[in-house]
Amino acid sequence: MYHNYFGLKEQAFSIAVNPRYLYMSQQHKEALAHLLYGVKGGGFVLLSGEVGTGKTTIIRCLLEQLPENTDIAIIMNPMDDAIHMLATICEELSVGYDKTNIDVKSLTDSLNAYLLENHRNGRNTVLLIDEAQRLSAEALEQIRLLTNLETTTQKLLQIILVGQPELNDLLAQPRLRQLSQRITARFHLTPLTLLETQAYIAHRLEVAGMPEGRNPFPALIVRKIHRFTGGIPRLINIVCERTLIGAYGHNKPVIDNQIFKLACSEVAGSMEYLPARLRNLDWRLLGGITAAVMVCTLMIYALFVRPNGAPQAVVQAPAAPVVVATVTPSAAPTPIPAPSLAPRREATNPELADPSSYLIESYTEAQAKLLRSLGYRISYDTHPCWELTAKRIECTQATLETWDALETLNRPSVLILTTPQRFTSHAVIIGLGQTHAELLDTSGNSVRVPLSELGPLWTGRVFYLWTKPKGFNEPLVLGQRSGTVKWLAEQFAFIDERDTPLTTTRFNSTLQERVKIFQRNQGLKDDGIIGEQTLMKVNEVLGIDKTLKRLD
């Protein structure tokens with residue numbers, strides 16, 4: 001059918017799980033490394049992510065890389081009842097047990113005997129539970145008790161929990177704190193960025209045999225696909241598949257806007273199947289997107305959520321919610337009248353939180369909490385930022401005057417505070433609105449705090465992170481040569497859908513004019529200098545850095 005038309009050997013965008021098509025973005029590589037770490041003796045390992053972000057595909061990839069001495073029990077549809085869960089684990093591992101006298105103790109004793117024998121034979125045993133958010137707190141607690149089976153040197157059972165973001169909510173419950181404390185590695189899969197979406201589509205086409213030099217998806221269509229799908233790989237697959245079929249039917253070698261719209265119109269769905277977090281969106285925030293595009297987006301999402309049953313709960317930090325569009329501000333924030341740290345209007349329905357729940361005494365611990373919320377793996381052997389230097393993640397401190405300045409910075413940050421008792425303290429801010437801020441509490445959950453309460457404590461000092469382009473060490477002006485100039489010219493070529501960049505390595509006048517236009521559109525001073533603020537805004541447009549959540 002259309003495969004031959006585009007020179008493909010097979011279906012490039014099937015939603016069936018196929019490890020060959022796994023696009024190994026940096027976060028997917030780290031997720032797989034987490035699972036392999038768990039298999040080789042890491043204790044409890046947690047992998048979470050939204051529906052369709054690739055968790056099951058990573059599991060399949062893991063199975064292909066298991067060490068030969070590994071026995072694994074995979075529970076794909078876990079149940080709430082602890083006894084049934086233990087019985088299923090025994091059956092997966094071919095552990096014999098007395099079926100006439102089934103209780104927790106007899107099943108645990110049988111598992112313990114099996115694990116000891118496996119250990120004596122030099123074999124490793126792994127339990128992997130997919131869709132773990134379906135488990136009850138009681139079942140999870142029983143699974144925790146299995147990790148008590150150990151020798152003097154190591155655990156006899158390694159456990160990997162895989163689930164949707166609701167699993168993080170479940171593990172945050174006080175009664176499961178012992179289990180949560182035993183998790184030695186956590187990783188949360190987020191949706192793909194715009195650049196990753198482009199690479200993902202190109203990767204699947206290449207694996208399917210797309211001839212070199214051909215590409216039916218121009219940059220403009222890739223951006224539309226990214227907006228429609230929010231970067232969810234499963235949704236990207238269905239949209240790409242429909243557009244290829246449409247292009248074949250209309251005898252077009254390249255996807256155009258007409259084909260893209262037709263593909264959207266073919267996807268059926270209903271608002272009633274959408275999660276509450278999408279039904280309750282303030283659609284005025286998407287003013288630059290037409291109503292037709294929004295409806296198509298909702299229908300696409302509904303198609304894939306409906307088969308999974310009821311809508312899921314709202315995602316806690318650090319999970320990234322599914323979005324249907326990214327709207328970049330085109331004007332500078334309006335300055336607020338003095339006093340500078342006062343709330344910008346009277347608070348309505350404030351969600352009060354006890355300050356003791358979000359104040360963090362240690363600066364290093366606050367930094368570590370911010371890094372974990374952004375998905376970075378860190379250890380406590382060194383300063384949190386030292387481990388990120390190789391990835392060109394820049395740790396930066398600044399002093400700001402207003403909440404608007406923090407909004408313009410648009411990065412989750414550590415706020416340096418001074419308590420009424422004149423002690424230094426800290427808070428991790430992940431969202432900002434007109435009257436409230438969203439902070440991470442000491443357990444990693446999000447709480448909303450009125451700006452009228454937080455403002456008097458904030459000293460104006462912040463700590464944040466951003467991804468620095470290779471070779472950038474100082475602001476660049478006209479005539480300079482740098483790898484950063486080459487990188488920036490390539491990014492503008494992608495944004496502007498140009499075939500060639502405006503320059504290679506020399507900062508010329510043409511690129512300077514493009515920089516000035518970009519700066520004006522982003523509300524920055526249009527001085528034409530390539531500095532930190534300009535590069536950070538480019539990162540925002542490309543989805544490279546995570547930004548503050550908008551609360552209003």
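When I say that residues are in contact, I mean that they have heavy atoms within 4.5 Å of each other. What I am showing is a predicted model, in which local features need pLDDT of at least 70 and side-chain atom pairs count only at pLDDT 80 or more, while totals for chains, interfaces and linings use all residues. Residues are numbered from 1 along each chain as its sequence is written, and side-chain values use heavy atoms, with hydrogens and water left out.

Let me begin with the chain as a whole. It contains 20 helices and 12 strands, where helices (H or I, at least four residues) and strands (E, at least two) are DSSP runs, numbered from the N terminus. Of its 552 residues, 51% count as buried; here buried means under 20% relative accessible area, exposed means over 50%, and partly exposed is in between, with a 1.4 Å probe and protein chains only. Among the contacts in the chain with a separation of 6 or more, 73% come from residues 24 or more positions apart.

I72 sits in strand β2, residues 70-75, and although I72 and L128 are 56 residues apart in sequence, their C-alpha atoms are 7.2 Å apart in space. If we leave aside the neighbours within four places in sequence, I72 is in contact with L63, L66, L93, V126 and L128.

Now to the helix packing. Two packed helices are described by the angle between their axes and the distance between the axes. The axes are lines fitted to C-alpha atoms, for helices over the stretch in contact, and the angles run from 0 to 180 degrees between N-to-C directions.

I will start with helix α11, residues 233-249, which packs with helix α12, residues 257-265, at an angle of about 120° and with the axes 8 Å apart. The two helices are therefore oblique to each other, given that angles under 35 degrees count as roughly parallel, over 145 as roughly antiparallel, 65 to 115 as roughly perpendicular, and the rest as oblique. The crossing of α11 and α12 is right-handed; a crossing is left-handed if the near helix is turned anticlockwise from the far one by less than a right angle, and right-handed if clockwise. On the α11 side the contact is made by V239, R242, T243, G246 and A247, and on the α12 side by I259, F260 and A263. Sorted by class, that contact has five nonpolar, two polar and one charged residues, where Ala, Val, Leu, Ile, Met, Phe, Trp, Tyr, Cys and Pro count as nonpolar, Asp, Glu, Lys and Arg as charged, and the others, Gly among them, as polar.

Staying with α11 itself, its 17 residues reach 24 Å from the first C-alpha to the last, close to the 24 Å expected at 1.5 Å a residue, the expected span being 1.5 Å times one less than the number of residues. Helix α11 is mostly covered, with 12 of its 17 residues buried, and these include I236, I238 and L244, as well as E241.

What follows α11? The helix is followed by N251, whose phi is positive, near 55°, a value found here in a residue other than glycine. N251 lies in the loop between α11 and α12, and at 59% relative accessibility it counts as exposed. S94 also has a positive phi, of about 60°, although it is not a glycine. That residue lies in the loop between α4 (82-92) and α5 (104-120), and S94 is exposed, with a relative accessible area of 67%.

Helix α18, residues 483-496, and helix α19, residues 509-521, pack at about 65° with their axes 11 Å apart, and their crossing is left-handed. From α18, residues V485, L488, A489, F492, I495 and D496 meet L511, R514, V515 and F518 of α19, a contact with eight nonpolar, no polar and two charged residues. Helix α19 also packs with α20, at an angle of about 75° and with axes 11 Å apart, and these two helices are therefore roughly perpendicular to each other. Here V515, F518 and Q519 in α19 meet T534, K537, V538 and V541 in α20, and by class this contact has four nonpolar, two polar and one charged residues.

Apart from its neighbours within four places in sequence, E540 is in contact with T408, L409, N410, R411 and T547.
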